[in-house]
Amino acid sequence: MTEKATAAPSVFRNTAFLRLWTGTTASGLAMWALPFVLGLAVLERSITAVELGVVLATRTAGFVAAVPVAGVLADRHARRTVVLWSCLVAALVTPVIALGMGRSLLLMAVAAAVVGAGQGACRPAFQALVAEVVPEGQRQQANAATTLAIRVTTLVAPSLTALAALITNAQVLLAVTAALWLCAALVPPRGQGKPEQSEARAGFVADFLAGVHEVRRHPWLPAGLGALTVMIAFGYSATAVLLPVVSRDRYDTEAVLAGATTAYTVGALIGAAVIGRWRPRNAGWVALTGLGLYGLIPLGLLLPVHAVVLIAVYVVAGIGIELFNVPWFTAIQREVEPGKLARVSSLDFLLSYGLAPLGLALIAPAIDAFGSGVVLGACALICFAAPAAAALVRSSRGFTRSS
């Protein structure tokens with residue numbers, strides 16, 4: 001396998017992308033900050049832990065419900081318009097969550113569901129806008145820059161929230177997240193693409209199924225999406241549940257939990273920086289190998305390794321996930337028919353991340369029934385096997401129909 005570094009100029013010289021990157025980063029910061037702000041509200045006794053769980057669950061429900069609808073809308077209408085209205089909705093409704101604190105759980109839950117819908121609605125449109133404002137040769141760099149911003153956000157959002165909590169309260173911080181959503185709504189540029197006009201508009205279901213057909217038209221796409229979905233449902237879910245337990249019972253310290261979580265994000269930052277400039281010849285195989293590296297995490301949690309080794313495993317897995325994510329998004333933007341790009345992106349988000357709560361719901365009963373060792377072993381095997389199976393699909397070699 002050969003590789004080369006790109007000589008393309010910095011994507012940040014593209015003003016349109018810089019605006020899009022700023023809006024995407026603002027939306028990501030608002031999304032990641034909300035759970036921590038609500039956690040602060042629990043500490044302030046403005047809401048209870050049960051109310052926190054309900055609000056976060058309804059936000060997730062709104063997100064999942066909105067993603068497929070948004071995919072169709074973003075292909076029917078200008079992607080910039082979908083970004084504008086979805087982020088405006090999130091900006092306007094976020095303060096309602098603050099209004100419901102200590103007064104009405106129902107009001108908070110409904111508002112959180114609407115905010116979640118706004119979050120879900122902007123994701124496919126943002127993804128499709130990258131293909132409209134960035135030339136094909138710079139898209140991998142653009143996707144890497146975006147994922148770098150998202151990963152940095154996951155690092156700084158808790159710290160910024162904690163620091164802000166020293167001088168203000170949760171209600172004010174919710175107003176700040178609303179301002180971030182307003183930035184996400186107003187800053188991104190107009191895209192170059194135009195929605196297809198048709199005298200006889202197909203129904204919503206027909207449009208959605210056309211997106212499904214577009215996925216099936218590229219064999220590498222359902223193969224890779226299946227591998228990603230399985231990895232998140234089994235790998236992410238098992239490690240999210242069992243890392244705190246292993247940190248407590250094996251290492252007798254919460255530092256391993258914090259260290260491993262941080263190490264994964266640091267690894268992802270490294271991976272995004274590397275793949276932003278690296279162009280492997282067999283990009284699909286490299287991406288699927290990176291995805292398979294996540295199987296090292298349940299294996300590390302299963303085996304009695306030193307804490308340093310476990311944290312190193314998290315770094316490696318973090319590198320691997322971005323070696324997958326960036327080429328994956330770039331390939332979708334390159335290979336998928338432009339008029340169906342938002343629908344395909346929505347299916348990607350819906351299946352890969354929308355089903356994650358189901359995996360979380362099933363892991364705990366599985367641990368009770370079979371034990372954590374069996375569950376971790378099975379999850380490691382699945383995380384290794386799913387990308388390997390996807391790699392057997394011929395077009396997965398380069399994430400192209402001709403590979």
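What share of the contacts in the protein with a separation of 6 or more comes from residues 24 or more positions apart? Such residues account for 87% of those contacts, where contact means heavy atoms within 4.5 Å. The structure is a predicted model, in which local features need pLDDT of at least 70 and side-chain atom pairs count only at pLDDT 80 or more, while totals for chains, interfaces and linings use all residues. Residues are numbered from 1 along each chain as its sequence is written, and side-chain values use heavy atoms, with hydrogens and water left out.

The protein has 15 helices and zero strands, these elements being DSSP runs numbered from the N terminus (helices H or I with at least four residues, strands E with at least two). Its C-alpha trace spans about 55 × 50 × 40 Å along the principal axes. The radius of gyration, taken over C-alpha atoms, is 21 Å, which agrees with the value near 22 Å that a compact globule of 403 residues would have; the globule rule is 2.2 Å times the number of residues to the power 0.38. Of the 403 residues, 52% count as buried, meaning under 20% relative accessible area, whereas exposed means over 50% and partly exposed lies in between (1.4 Å probe, protein chains only).

In soluble globular proteins, nonpolar side chains tend to be buried together. A nonpolar core is here a set of buried Ala, Val, Leu, Ile, Met, Phe, Trp, Tyr and Cys residues joined through side-chain atoms within 4.5 Å. The largest such core has 98 residues, and W181, Y314 and W328 are those with the most contacts inside it. A second, separate core of six residues includes I275, W278, V286 and L323. Leaving aside neighbours within four places in sequence, W328 is in contact with W220, L221, G224, L225, D348 and F399.

F399 lies in the segment after α15 (372–391) and counts as buried because its relative accessibility is 1%. Most residues other than glycine have a negative phi, yet F399 has a positive phi of about 55 degrees. R45, also not a glycine, has a positive phi near 65 degrees; R45 lies in the loop between α1 (15–43) and α2 (49–76) and is exposed, with a relative accessible area of 76%.

Within helix α1, V37 is buried at a relative accessible area of 2%. I167, in the loop between α5 and α6 (170–186), is exposed at 76% relative accessibility, and I167 and L88, 79 residues apart in sequence, are 27 Å apart in space, C-alpha to C-alpha.

The second largest pocket holds about 300 Å³ of space. On a 1 Å grid over the protein atoms alone, a pocket is an open set of points where a 1.4 Å probe fits, with protein on both sides within 12 Å along at least five of seven lines, and lining residues have an atom within 4 Å of a point. Its lining has 15 residues, of which Q140, R279, P280, A283 and R334 lie nearest the centre. The elements that give two or more residues to this lining are α5 (139–165) and α12 (307–335), and α12 gives the most, with four residues. The lining divides into five nonpolar, four polar and six charged residues.

Key: Points joined across faces, edges and corners; volume = space filled by probe spheres on them. Nonpolar A, V, L, I, M, F, W, Y, C, P; charged D, E, K, R; others polar.
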